[in-house]
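Please keep the sequence and the three-dimensional view side by side while reading. The paragraphs below lead from one place to the next.

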Amino acid sequence: MMQPQDLLVYLVTDRDLCLGRSLEDVVAEAAGGGCTMVQLREKHADTGEFVALARRLHTVLRPLNIPLIINDRVDVALAAGVEGVHVGQSDMPPADVRRLMGPDAIVGLSVETEAELDAAQSEPVDYLGIGPAFPTQTKKDVHGSPWGAEGLARAVRYSALPLVAIGGVQPDNVPEVARSGVAGVAVVSAICSAPSPREAAQSLVRAMRENGR
């Protein structure tokens, strides 16, 4: 089962942002730097490619006890034998994800508004990805306004589920995000596009821990 510490620094992948490096290399570097969870997000890969990539990343992460989460695709997660699935509001309902993945899988759900945060409290999920924390160019399909550090703190006080802040999270704002009380930060470009993904992950872990997590 997922431990709260697993959420501390959560890498969400984007091959287009990896500066020409292989995703396996970037993920391995991030894992070496202390990244605690990885979500494989692939919007354009066909199913066979997606499964093969998931299996390769799982080979890297499993010996390190770092969970691999698949964005949206329960079939890919099951085929690759990974630890969990993360869905959005328009994806498969969390109850169906839980039924298919089983009681021990990690299931996450994205929320963008206070109404979605409220409704998610009764869902059979392990954590919520809340965003956008700040304005972001990485995810262009978000509909909610940025929460900001104060909004995140309010959400933490309200939610019975652990929250992971995503959207516009960069090294310079991680301290205030950590002080909001969220369980972790989810980042894309801050690691994928860093000159050294290992050093970027180390810096994010340090900033989270030094500011109360």
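What follows is a walk through a predicted model, beginning with the positions that a database record marks and ending with charged side chains.

The UniProt record, in an unreviewed entry, places the feature "binding site" at Asp 72 and Asp 91. These residues span 20 positions in sequence, yet no two of their C-alpha atoms are more than 6.4 Å apart, so they gather at one spot. Asp 72 sits in the loop between strand 3 (68-71) and helix 3 (74-80), while Asp 91 belongs to the loop between strand 4 (84-87) and helix 4 (94-101). Asp 72 is partly exposed, with a relative accessible area of 26%, and Asp 91 is partly exposed as well, with a value of 23%. If neighbours within four places in sequence are left aside, the residues in contact with Asp 72 are Val 85, His 86, Val 87 and Asp 91. Asp 91, for its part, has a polar side-chain atom that lies 2.7 Å from the backbone nitrogen of Gly 88.

Another aspartate, Asp 14, is found in the loop between strand 1 (9-12) and helix 1 (23-32). Not counting residues up to four places away in sequence, Asp 14 touches Val 188 and Cys 192.

Leu 19, in the loop between strand 1 and helix 1, has a positive phi of about 60° although it is not a glycine, and Leu 19 is exposed, with a relative accessible area of 55%. Asn 65, which lies in the loop between helix 2 (47-61) and strand 3, likewise has a positive phi of about 60° without being a glycine, and at 68% relative accessibility Asn 65 counts as exposed. A further detail is the peptide bond from Gly 131 to Pro 132, which is cis, with omega near 0°; Pro 132 lies in the loop between strand 6 (127-130) and helix 6 (148-158).

The last part of the walk concerns charge. Side chains of opposite charge can pair when their charged atoms come close. How many salt bridges does the structure hold? There are seven salt bridges, among them the one in which the side chains of Arg 56 and Glu 24 meet, at 2.5 Å from N to O. Arg 56 lies in helix 2 and Glu 24 in helix 1, so this pair ties together parts that are 32 residues apart in sequence. Arg 56 counts as partly exposed at 40% relative accessibility, and Glu 24 counts as partly exposed at 21%.

Arg 198 forms a salt bridge with Glu 29, and the closest N and O atoms of this pair are 3.5 Å apart. Since Arg 198 lies in helix 9 (residues 197-210) and Glu 29 in helix 1, the pair ties together parts that are 169 residues apart in sequence. Arg 198 is partly exposed, with a relative accessible area of 33%, and Glu 29 is partly exposed, with 31%. Another salt bridge joins the side chains of Arg 73 and Asp 75, at 2.9 Å from N to O, and Arg 15, Glu 42 and Glu 49 are linked in a network of salt bridges.

How values were computed: Residues numbered from 1 in each chain as written. Predicted model: local features only at pLDDT ≥ 70, side-chain atom pairs only at ≥ 80, totals over all residues. Heavy atoms only, no water. UniProt positions renumbered as here; feature names shortened; annotations may be inferred. Helix = DSSP H or I, 4+ residues; strand = E, 2+ residues; numbered from the N terminus. Buried < 20%, exposed > 50% of the residue type's maximum accessible area, 1.4 Å probe, protein only. Contact = heavy atoms within 4.5 Å. Polar contact = N/O pair within 3.5 Å; in protein donor to acceptor, adjacent residues only side chain to side chain. Salt bridge = Lys/Arg side-chain N within 4 Å of Asp/Glu carboxyl O.
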